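Please keep the sequence and the structure in view while reading.

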Amino acid sequence: MQVMKWSALALAVTAGTTQLAFASAQSESKGFVEDSSFDIFNRALYMNRDFRNGASNGASTSANPAGYREETGLGIRLLFESGFTQGTVGVGVDAHSLSSIKLDGGRGRYGTGQFAQTDEGRGDDTQTEVGGAIKFRVSDTVLKYGNQFVASPVFSTDDSRILPEVATGTYLVSNEIEGLELSAGRFTGLSSQVQTTRDDFELKSANIVGASYAFTDNFSGAIHAADVEDYWKKYYGNLNYNLPLAEEQALNFDFNIYKTDYDDEYSADAFDDNTIWSLATAYSLGAHKFTLAYQRSSGDRGYDYGVDGGGTVWLNNSVQFSDFNGEDEKSWQVRYDLDMASYGVPGLSFMTRYLTGDDITTSSGEEGKEHEWNFETKYVIQEGAAKDLSFRLRHAIWRANDAYNADYSADLNDTRLIVEYPLDVL
């Protein structure tokens with residue numbers, strides 16, 4: 001990690017001798033209004049999580065909960081992003097409104113993670129939250145303060161339901177040197193996907209730094225670190241290499257690793273730690289892609305995340321239901337993707353994958369085992385009035401032995417139908 005860091009900086013200095021001569025993004029600013037955009041993003045989600053072998057809902061407060069969770073919701077996001085004022089220091093604002101509407105769901109079926117729960121134990125019919133951020137730009141460096149969506153390997157807001165998580169804080173991203181991106185941030189609030197408060201996670205503070213560098217067009221690396229108060233210190237590294245073989249053929253190698261040192265306020269043992277890494281190899285052949293991945297967890301506990309964002313799990317074996325991140329777990333994945341554009345149906349794609357994990361340390365002392373099968377198909381309308389309207393069907397079957405059922409979840413089938421329609425108003 002240290003060697004990669006200094007190599008990136010040395011190459012960045014060399015690259016910067018020519019890059020700095022070109023115009024920056026701020027020097028090409030057209031103005032606050034002229035560069036602004038306004039988008040409306042609509043997402044409808046039907047979700048059914050069916051617990052097997054007589055297991056109960058687990059999330060419902062109903063006296064007679066169903067053996068499954070089933071809800072349908074509509075999320076509407078309004079996002080305004082201004083341009084930057086002209087001059088050495090550009091100033092702009094971002095603003096958003098997030099609204100959810102419950103289309104179907106009952107007290108006995110509550111719990112898919114789409115809605116807040118009312119006093120009666122049902123999903124809330126409607127919810128709305130608004131937020132905004134002020135931003136500044138100098139050259140190719142942007143500083144943003146306020147409510148925002150974040151995509152860092154060590155602090156990543158989740159967007160797996162009808163509405164995303166929203167973080168509150170300060171985030172700096174710099175792209176002054178071609179191929180090198182530097183980032184740093186401090187966040188003091190995180191709103192979940194089912195709440196409208198600023199910080200229902202009760203995040204005290206999360207300080208993050210990161211760097212990514214494209215060594216060549218086909219090889220890149222990244223290092224990131226985070227300090228989440230009263231929880232952990234987390235470090236992340238990534239290497240990605242793409243090897244073109246022939247026309248419409250390529251090999252890709254993707255390596256990800258997290259090292260987490262837990263605070264005693266969180267784990268009750270100041271020396272608890274976890275290391276988890278994954279390596280995936282993908283072979284692309286025209287419309288087809290075949291992927292094989294291996295993931296390994298070691299340490300005193302499994303890999304934890306959530307207060308630093310529900311998306312902070314940039315690992316190859318993090319899939320629809322399970323992350324395969326148990327204590328001491330070893331897992332394998334085999335995956336196949338098909339893009340039907342090559343067969344005359346642009347916009348249509350399929351994916352299937354199978355994962356199995358074992359050697360999991362459980363509270364009972366018995367070895368835990370799990371496996372998951374996923375199937376997904378998606379179609380995006382390519383032209384006409386409904387251009388970019390998409391339909392996506394996802395299905396997962398997850399099973400585990402009794403030892404891991406007791407610690408993690410009952411066996412289940414997870415089905416989701418997602419309809420998305422983005423509209424560019426400005």
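## An aromatic pair around Tyr 408

Tyr 408 has a relative accessible area of 32%, and it is therefore partly exposed, as judged in a model that is predicted. Its partner in an aromatic pair is Trp 398, with 5.5 Å from centre to centre and 50° between the planes, and the pair is described as tilted. The two residues belong to distant parts of the chain, since Trp 398 sits in strand β19 (residues 390-400), whereas Tyr 408 sits in the loop between α3 (402-407) and β20 (412-424), 10 residues apart. Is Trp 398 buried or exposed? Its relative accessibility is 0%, so Trp 398 counts as buried.

## Other aromatic rings

Over the whole structure, a search finds 24 aromatic pairs. In one of them, the ring centres of Tyr 258 and Tyr 303 are 4.8 Å apart and the planes stand at 35°, which means that this pair is tilted. Tyr 258 is part of strand β13 (residues 249-262), while Tyr 303 lies in the loop between β15 (288-299) and β16 (330-339), so that the pair links distant parts of the chain, 45 residues apart. Both of these tyrosines, Tyr 258 and Tyr 303, are buried. They also belong to a cluster linked by ring pairs, which consists of Tyr 236, Tyr 258, Tyr 303, Tyr 305 and Trp 314.

## Salt bridges

How many salt bridges does a search of the whole structure find? The search finds 22 salt bridges. One of them joins the side chains of Asp 230 and Lys 204 at 2.5 Å, N to O. Asp 230 lies in the loop between β11 (219-228) and β12 (232-246), and Lys 204 lies in the loop between β9 (180-191) and β10 (206-214), so this pair ties together parts that are 26 residues apart in sequence.

Another salt bridge is formed by Lys 259 and Asp 273, whose closest N and O atoms are 3.5 Å apart. Because Lys 259 lies in strand β13 and Asp 273 in strand β14 (residues 273-285), the bridge ties together parts that are 14 residues apart in sequence. Lys 259 is partly exposed, with a relative accessible area of 29%, and Asp 273, at 21% relative accessibility, counts as partly exposed. Lys 330 and Asp 359 form a further salt bridge, with their closest N and O atoms 2.8 Å apart. This pair links distant parts of the chain, namely strand β16 with Lys 330 and strand β17 (residues 348-361) with Asp 359, 29 residues apart.

## Surface patches

A nonpolar patch on the surface has about 800 Å² of accessible area together, and its members include Phe 32, Val 89, Ile 134 and Leu 172. Strands β3 (89-104), β4 (126-138) and β5 (141-148) each supply at least two residues of this patch, and the largest share, three residues, comes from β4. Ile 134 is found in strand β4, and it is partly exposed, with a relative accessible area of 34%.

Note on methods: Residues are numbered from 1 along each chain as its sequence is written. This is a predicted model: local features need pLDDT of at least 70, side-chain atom pairs count only at pLDDT 80 or more; totals for chains, interfaces and linings use all residues. Side-chain values use heavy atoms; hydrogens and water are left out. Rings of Phe, Tyr and Trp (its six-membered ring) pair if their centres lie within 6.5 Å; planes under 30 degrees apart count as stacked, over 60 as edge-to-face and the rest as tilted. Helices (H or I, at least four residues) and strands (E, at least two) are DSSP runs, numbered from the N terminus. Buried means under 20% relative accessible area, exposed over 50%, partly exposed in between (1.4 Å probe, protein chains only). Patches are made of residues with over 30% relative accessible area and no salt bridge: like charges are joined within 9 Å, nonpolar side chains (Val, Leu, Ile, Met, Phe, Trp, Tyr) within 5 Å. Accessible areas come from the Shrake-Rupley method with a 1.4 Å probe; for residues, only the protein chains shown count as cover. A salt bridge is a side-chain nitrogen of Lys or Arg within 4 Å of a carboxyl oxygen of Asp or Glu.
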